[in-house]
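Welcome! Here is a short briefing to read with the model open beside you. Take it one topic at a time and find each residue as you go.

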Amino acid sequence: MKIVFMGSPEFACPTLEKLANSNNEIIGIYTKAPKNSGRGMKEVKSAIHKLAQKFSLNIFVPKKLKDPDALNQFRELSPDIAIVAAYGLIIPKEFLEIPKFGFINIHPSDLPRWRGAAPIQRTIMAGDNKTAICIMRMDEGLDTGDVILRKKFILDNTLTAKELHDKCSKLCADMILEALKLFETNKVIYRKQDSKGITYAEKISSQEELLDFNLTAVEVNNVIRALSPKPGAYFIYNNEIIKIICATTEENNEKHEPGTVIDNNLSIACKDSILKPTLLQRQGRKMIYTDAFLRGFNIPIGTLLNS
């Protein structure tokens with residue numbers, strides 16, 4: 001198989017590594033263009049860009065794919081199939097029609113649940129107890145294509161976004177080789193997505209990072225897990241942003257105003273019960289456990305956070 005691979009972040013790296021070490025031929029890598037950032041405005045390449053260089057692969061970094069030159073360049077590659085994993089650019093219809101077997105996309109959710117940009121975070125934020133990896137044939141819609149492979153699995157209610165990201169990333173790498181074998185042996189079965197149960201995984205907004213203690217403790221902890229470790233969910237105390245990286249919940253029969261610190265261990269009252277932070281981070285500081293945090297940064301009992 002002559003493959004064009006399109007991806008950018010670390011999520012896509014295990015899949016590219018598997019493909020590069022397989023018997024398939026990677027004829028081109030498409031990834032986001034490098035950006036200048038930091039104090040010295042140094043050029044920063046995507047994780048896929050760096051990995052592709054390691055394997056001496058042919059790299060393309062178009063800023064947009066609607067450019068006629070980009071289309072002609074892709075057509076000249078004449079791939080058998082194109083594989084997309086968190087690329088970051090919309091694929092125009094003209095591109096979709098070029099490869100012999102079309103485009104296939106890796107999506108870390110149980111489609112049609114959580115179509116869109118942030119499926120991992122939304123899965124955890126919603127408190128879902130199961131999810132899936134789907135490999136689908138791309139069409140013009142937003143994650144609406146027919147599913148080729150689906151691997152379901154149960155979610156632990158302590159899993160963070162980073163942990164689920166890493167799990168999905170590794171599963172995708174194994175599944176993509178399985179999908180390619182189906183194409184090679186003409187055994188692909190395209191299954192249309194269910195018309196029921198459609199939800200959309202919108203990008204995480206900065207407003208969602210501020211914790212709302214009027215929610216139940218489990219709901220608050222779901223937000224913490226969904227945003228851990230980055231960008232991180234936070235509360236405000238004395239005009240300072242303090243991130244909660246990990247927490248647990250505990251039942252409590254006493255009534256307190258949501259957002260109130262109720263003991264010397266920084267237990268926080270929520271709508272129905274108690275949130276107990278276990279790992280915290282001040283701005284510009286390292287993550288530390290709550291007992292160490294409180295030794296150098298006291299938050300008195302009775303404090304109303306975010307006020």
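**A first look at the core**

Y30 is buried, with a relative accessible area of 0%. Keep in mind that this is a predicted model. F74 is also buried, again with a relative accessible area of 0%.

**Aromatic rings**

- A pair of aromatic rings is described by the distance of the centres and the angle of the planes.
- Seven aromatic pairs turn up when the whole structure is searched.
- One of them is the edge-to-face pair of Y30 and F74, with 5.9 Å from centre to centre and 75° between the planes.
- This pair connects distant parts of the chain: Y30 belongs to strand 2 (residues 25–30) and F74 to helix 3 (residues 68–77), 44 residues apart.
- F74 also pairs with F95; this pair is tilted, at 5.0 Å centre to centre and 40° between the planes.
- Here too, distant parts of the chain are linked, since F74 is in helix 3 and F95 is in helix 4 (residues 93–96), 21 residues apart.
- Both F74 and F95 are buried.
- Step back and you can find a cluster, in which ring pairs link Y30, F60, F74, F95 and F103.

**Charges over rings**

- R137 places its charged end over the ring of Y190, 3.7 Å from the ring's centre.
- Over the face of F153 lies K167, at 5.0 Å from the ring centre.

**The sheet and its helix**

- Strands of a sheet pair through backbone hydrogen bonds, either parallel or antiparallel.
- Seven strands form an open sheet in the order 5-2-1-6-7-9-10, and the pairing is mixed.
- Its edges are strand 5 (59–60) and strand 10 (147–154), each of which pairs on one side only.
- Strand 1 (residues 2–7) and strand 6 (residues 81–85) run parallel and are joined by five bridges.
- To see them side by side, find V4, which stands opposite A82 in strand 6.
- Helix 3 packs on this sheet and touches strand 1, strand 2, strand 5, strand 6 and strand 7 (103–107); its direction makes about 170° with that of strand 2.

**The annotated domain**

- An unreviewed UniProt entry annotates residues 1–179 as "domain: Formyl transferase N-terminal".
- In the model, the end C-alpha atoms of residues 1–179 are 12 Å apart, and the span is 31% helix and 27% strand.

**A mostly covered helix**

- Eight of the ten residues of helix 7 (residues 217–226) are buried, so the helix is mostly covered.
- Among the buried ones are V220, V223 and I224, but also N221, N222 and R225.
- The buried residues of helix 7 pack against helix 5 (119–125), helix 6 (161–184), strand 12 (233–237), strand 13 (240–250) and strand 15 (274–282).

**Backbone details in the loops**

- The peptide bond from L111 to P112 is cis, with omega near 15°, and P112 is in the loop between strand 7 and strand 8 (115–116).
- S228 and P229 are also joined by a cis peptide bond, with omega about 0°; look for P229 in the loop between helix 7 and strand 12.
- L266 is not a glycine, yet has a positive phi of about 65°; this residue lies in the loop between strand 13 and strand 14 (268–269).
- Is L266 buried or exposed? L266 counts as buried because its relative accessibility is 1%, and buried means under 20%.
- N306, not a glycine either, has a positive phi of about 70° and lies in the segment after helix 8 (290–296).
- N306 is partly exposed, with a relative accessible area of 29%.

Definitions and conventions:
Residues are numbered from 1 along each chain as its sequence is written. This is a predicted model: local features need pLDDT of at least 70, side-chain atom pairs count only at pLDDT 80 or more; totals for chains, interfaces and linings use all residues. Side-chain values use heavy atoms; hydrogens and water are left out. Rings of Phe, Tyr and Trp (its six-membered ring) pair if their centres lie within 6.5 Å; planes under 30 degrees apart count as stacked, over 60 as edge-to-face and the rest as tilted. Helices (H or I, at least four residues) and strands (E, at least two) are DSSP runs, numbered from the N terminus. Buried means under 20% relative accessible area, exposed over 50%, partly exposed in between (1.4 Å probe, protein chains only). A charge sits over a ring if NZ of Lys or CZ of Arg is within 6 Å of the ring centre and within 35 degrees of the ring normal. UniProt positions are given in the numbering used here, feature names are shortened, and annotations may be inferred rather than shown by experiment. Two strands pair if DSSP finds at least two bridges between them. Contact means heavy atoms within 4.5 Å. Axes are lines fitted to C-alpha atoms, for helices over the stretch in contact, and angles run from 0 to 180 degrees between N-to-C directions.
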